[in-house]
Every structure is written in structure tokens, then in C-alpha cells.
Amino acid sequence: MGNSSLADANAFKNAAVNGQLGVDPDAAQAVLKKIRTGKDSVEALLNGAGSLAQPPKLGANPVGEAISTKFVQRADGGGDSYTSALQNLLSQYQAAEEGIVAAMSRYHEMDQSAAGSLNQG
């Protein structure tokens, strides 16, 4: 998932935090459970990602050493690495979780506000 997915997750979270949307807590529990399960899985993968950064034994020649170095960088380095992709996914899960929790808490506020305005009419 790219940065636009993270931006979407953050936009959802910000809308929920700012009271622009609410979600029925009972209806959101299944979604929240799936988000947390996914988040736990990604965290477990991140915890084991360091073991991937072991250089493969491809021989003591320039090509083997270059590929070995590139493998280590892709597994645990920056940019397009496995770890970077997992960190991005974890950020998306965290933003979605925070958004759902905020939207759940806003649901009752929005419901009470709507009921109050109906009672005044």
C-alpha cells in the first residue's frame, strides 16, 4: 500500500477526531477486531524482519557481493525495503484503529446532539 493509502487512513482518523463522523460502536466492533488482528500480524512480521537481513552466501566475487549487499538493504534498509513496507502498513492500521475508536466515541455525542435538536423543535 502506498502513501495515498496512509493519507486516506489519516484523513479518516482526522474526520473522526474532529467530530465529522460517528460510527455505531456495536457495528464497528468486528471491523476494529480485524484491524487489531492485522496490526498484531504486521508487528510480528516487523519483529522477525531483522533475521531477513542476513547476507546470502553467493560467493566471494563482485557480482555475488553486490547481490548479497542489495539483498540485505532490501530486507532491512530504507526506501523500498520489506521493513519500510511493513512500517507503512502498520501506520495505516494504527491510523484506521484510532479513527474507528474516535468515531465510536463521537457516535453517542452526535446521537445526543441530534436528539437534543429534535426535542427543541
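Predicted model: local features only at pLDDT ≥ 70, side-chain atom pairs only at ≥ 80, totals over all residues.
## Overall fold

The chain has four helices and zero strands. Read from the N terminus, the order of elements is α-α-α-α. Helix 2 spans residues 25-48, and helix 4 spans residues 82-120.

The chain has 121 residues, of which 26% count as buried. Among contacts with a separation of 6 or more, 74% are between residues 24 or more positions apart. The accessible surface of the chain is about 7800 Å², and carbon and sulfur atoms contribute 54% of that surface.

## Glu 97

Glu 97 lies in helix 4. Its relative accessibility is 12%, so Glu 97 counts as buried, the cut-off for buried being under 20%.

The side chain of Glu 97 makes a polar contact of 2.6 Å with the side chain of Lys 39. Leaving aside residues up to four places away in sequence, Glu 97 touches Leu 32, Ile 35, Arg 36 and Lys 39.

## Nonpolar surface patch

Leu 45, Leu 52 and Tyr 82 make a nonpolar surface patch of about 240 Å². One of these residues, Leu 45, is located in helix 2. Leu 45 has a relative accessibility of 42% and therefore counts as partly exposed, a class that falls between the 20% limit for buried and the 50% limit for exposed.

Note on methods:
Residues numbered from 1 in each chain as written. Heavy atoms only, no water. Helix = DSSP H or I, 4+ residues; strand = E, 2+ residues; numbered from the N terminus. Buried < 20%, exposed > 50% of the residue type's maximum accessible area, 1.4 Å probe, protein only. Polar contact = N/O pair within 3.5 Å; in protein donor to acceptor, adjacent residues only side chain to side chain. Contact = heavy atoms within 4.5 Å. Areas by Shrake-Rupley, 256 points an atom, 1.4 Å probe, with all protein chains shown as cover. Patch = residues over 30% accessible without salt bridge, like charges linked within 9 Å, V, L, I, M, F, W, Y side chains within 5 Å. Salt bridge = Lys/Arg side-chain N within 4 Å of Asp/Glu carboxyl O.
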